[in-house]
Amino acid sequence: MNDIPDPVYARLLKAALDCFLADEYHKVTTRAIADQAGVNISMIRYYFGNKEGLYEEMIRETLKPLLDMLDSDTLSEVGGFTEYLRLYYDTMRRHPEFPKLILKVLALNHGPGRRFILQLLERGRSGGVRRLEQLKASGQVDQAINPDVARMAFVSLAMMPMLLKDIFEEQMGGQMDEAFLDELAAFNGKLLAAGMAAAQAGAGAGAGV
């Protein structure tokens with residue numbers, strides 16, 4: 001949301017994010033969002049049409065950096081796994097309730113936007129498949145890797161730490177702060193790269209000798 005030039009538009013998105021993360025969709029009013037943004041309620045209708053339109057745009061803008069990275073050169077090398085995970089963890093660290101909100105919409109169908117979120121995830125899926133094929137073509141990952149298996153592994157490593165953040169922090173007796181998440185991104189990035197690595201030519205040729 002940092003690149004949005006219109007300050008009123010940006011304030012409404014920020015207020016919507018705060019309000020929707022703090023309470024159930026049906027309990028959040030456009031009046032409350034407008035008041036928190038410090039703007040006239042008519043601006044919601046002007047920019048977004050209605051509450052649902054604002055809700056969807058809030059989700060789109062929060063996920064936009066992650067989806068845009070799929071179109072960048074970051075994932076043109078396996079080392080980009082770490083950078084992507086680092087961006088994901090940082091985004092969710094700043095909005096800790098966001099993963100739970102997405103899960104509630106998708107798994108429990110709470111609030112609107114399920115079809116919309118699935119469309120965003122499909123964009124991520126198709127982008128991920130495209131990047132995986134490029135990595136295969138450059139010989140960086142195993143040709144036999146199933147794209148859906150790779151995607152589920154990636155999503156699991158990305159989402160689970162943030163969904164269970166409170167529990168993990170209680171067990172650790174400390175915060176999953178920026179430094180910890182940076183270390184986790186590096187570790188999980190290497191884990192993905194190792195698991196997807198292309199088989200080395202001649203591997204096992206000396207077995208049984």
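What is the volume of the largest pocket? In this predicted model, local features need pLDDT of at least 70 and side-chain atom pairs count only at pLDDT 80 or more, while totals for chains, interfaces and linings use all residues. Residues are numbered from 1 along each chain as its sequence is written, and side-chain values use heavy atoms, with hydrogens and water left out.

The protein chain holds ten helices and zero strands, where helices (H or I, at least four residues) and strands (E, at least two) are DSSP runs numbered from the N terminus.

The largest pocket has a volume of about 910 Å³. A pocket is, on a 1 Å grid over the protein atoms alone, an open set of points where a 1.4 Å probe fits, with protein on both sides within 12 Å along at least five of seven lines, and lining residues have an atom within 4 Å of a point; the volume is the space filled by probe spheres set on the points, which are joined across faces, edges and corners. Of its 36 lining residues, the closest to the centre are Tyr84, Leu121, Arg151, Phe154 and Val155. Among the helices that each supply at least two lining residues are α5 (80-94) and α8 (147-163), but α7 gives the most, with eleven residues.

The lining divides by residue class as follows, with Ala, Val, Leu, Ile, Met, Phe, Trp, Tyr, Cys and Pro counted as nonpolar, Asp, Glu, Lys and Arg as charged, and the others, Gly among them, as polar.

| Class in the lining of the largest pocket | Residues |
|---|---|
| Nonpolar | 29 residues |
| Polar | two residues |
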